[in-house]
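Trainee: Before we go through the labels used for this model, could you set each one against its criterion for me?
Mentor: Gladly; have the sequence and the structure open while we talk.
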Amino acid sequence: MPFKEVAAGMKGVGRTVFKGTTVEEFGVEIVATMENILPKRNLILARLSGGPLRDTGILEGMSGSPIYIDGRLIGAVAYSWGFAKEPICGVTPIEEMLAILERGVDPPSGTAKTSSLPSRTGEPAPVSLLAWPDRMIEFLRRRQEHGLFGRDDRRDVSSSALEAMRPTLVFSGFVPRVAREWFPVFEAMALRPVMAGSPSGSTAGPAAEATDAPLAAGSAFGVSLVRGDLDITAIGTVTYVAGEKVLGFGHPFLSMGATALPMTKAYVYGYLPSLSSSFKLASPTDEIGAITQDRFPGVAGRKGAAVKMVPIRVEMKHADGTSRSYRFDVAPDPLLTPGLLNLSLLSLLSSEEKDVGEISVRVREGSRIRISEDLDVKLDNLFSGEESPLYTAGTVAYMVYLILNNEERPTQIEGVNLLLDYQDERRSARVEKIWLERYVAAPGETVPVHVTLRPFRGRSFTVDLPLKIPAEAPEGKSLLQVGDSLTLSRMEAASGAPFFVPRSLRHLVWLLNHIRSNQKIYATLLRPDNGAFIAGERLPSLPPSISTVLLPARSDTDGTTRVRFRALAEADLETQQVVRGYQKAILEIRR
């Protein structure tokens, strides 16, 4: 029934699931029709009755519930008011929802084979933030606080404004403390996050009931963001089914436009009355297709369509030799994937042992972010201290963000494989001092650098770090720096080291593969330089007259960077602790 035929006073029925998988009817009376509430958008006001609605009011999770007058579909339950005293809702007219199908419900080109949508990108982010873990985490949190999309349209349930009903966003397998830290993020995205488990998989249990139930108008269904051992799925109601085509929600999910997200059946455990806004408690069951359109009037998709998610595989090994493996997949999207990966990894690390106290997490050799055969990012690092889970999860998520939002071209993540060692203790050591047997060396000579380390609550010991002087090294005094990965990387970034600015995706991957590791001691030999890095080319040792012309007193935006030091040599030595500290000496090179 078109919007223009709907009139106040008409009565009909609606369909939804209040418990289990059985679609039940409830009463509907049209209160009013409102034209042009938004440009070319109309709305129907309806009073609902029957079932539990008198006690609960409109239930979050009912969005998409179809409304019929004289057997004709007029639209879907989609809008409500916070703290409403009566079950009055806004209904999205069905012709506006049917218009979504005209855009097509096949997955966007390539999404069945690739693992991200190329039309979306996030704000640029520097590689150098990996040397400042706190700033890196702050960047991820800013993305988190803006709903992962740069949006800040937080819903105010105390206001009198008509709001889109929030789908129930069900978290399964997550540590409650970690998940709840993210609840405000999803609430800002007009979702209702709740903790729940998965339905029982027995032959007579809820999962089997949901499998046997057909998907029809009024059925509960889900749209998944994470699936597997960890699961995040938004639960709503199906409005319309025509063959393989499915319409639901009656309002946008995440306003993503053309998308590709798994569509599932769902089982409703029941409903929870609330003074502010009651909601259904439900869980996803079988994956049955894909949601391919996420538009203002609702979501649409196709049964049987496949979506390639980003596979995440984690093996966690403990000090006693036992291990546990986790398998889950994350939504394929340049903005969603990093945030959901960060949340999921942090929850896994928090679930293993404890949330506070001394912890060490080793990302073992063999861990990698898979992009393609020749562009994989190999991970090998050690984190120690109370913030270890945060920095471990954040570092992997930030690298994924850099890859997916690189400035050269759209990129897909084929998978993330992590081999983690988890220990319930601090493993750290500080560089106390360094010394050389002699402070004069010849080009081509190998100089043993003696480094004294003091472990946390342990006795000092000395290691030898051999540093080979290049045969082409010029004569003169050079600065020898010995220290940890973060300190040396920060000093290089602050001095304008050009290699922190990737010129292409391949260069970005090279940078990520050469990020210094926390468990290594590094020695670098530097020589003062008056060079420049201009438009991708390095100009070393410029005469003062030329450098004055090329290098302005202040930083600019034309790609010109002053290079104050030039690296002659670098060496590293792996330890079993996170190394911290910095020492320096002067080494003279004579031929």
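Trainee: What makes strand 10 and strand 13 a pair, and in which sense do they run?
Mentor: This is a predicted model, and in it strand 10 (residues 220–228) is joined to strand 13 by three bridges, the two running antiparallel. Within strand 13, T264 is the residue opposite G222.

Trainee: How many bridges link strand 13 to strand 14?
Mentor: Strand 14 (residues 279–295) pairs with strand 13 over 12 bridges, in the antiparallel sense, and D294 in strand 14 is the bridge partner of G257. Strand 13 and strand 14 form a hairpin, with six residues between them.

Trainee: Why is strand 13 described as largely enclosed by the rest of the structure?
Mentor: Strand 13 (residues 257–272) has 16 residues, of which 12 are buried, and therefore it is largely enclosed; buried here means under 20% relative accessible area.

Trainee: What makes F171 and F174 an aromatic pair, and why is the pair called edge-to-face?
Mentor: Their ring centres are 5.5 Å apart, which is within the 6.5 Å limit, and their planes stand at 75 degrees, which is over 60, so the pair is edge-to-face.

Trainee: How do you know that the charge of K433 sits over the ring of W435?
Mentor: The charged end of K433 is 5.5 Å from the ring centre of W435, which meets the distance limit of 6 Å. R15 likewise lies over the face of Y68, at 4.5 Å from the ring centre.

How values were computed. Residues are numbered from 1 along each chain as its sequence is written. This is a predicted model: local features need pLDDT of at least 70, side-chain atom pairs count only at pLDDT 80 or more; totals for chains, interfaces and linings use all residues. Side-chain values use heavy atoms; hydrogens and water are left out. Buried means under 20% relative accessible area, exposed over 50%, partly exposed in between (1.4 Å probe, protein chains only). Helices (H or I, at least four residues) and strands (E, at least two) are DSSP runs, numbered from the N terminus. Two strands pair if DSSP finds at least two bridges between them. Rings of Phe, Tyr and Trp (its six-membered ring) pair if their centres lie within 6.5 Å; planes under 30 degrees apart count as stacked, over 60 as edge-to-face and the rest as tilted. A charge sits over a ring if NZ of Lys or CZ of Arg is within 6 Å of the ring centre and within 35 degrees of the ring normal.
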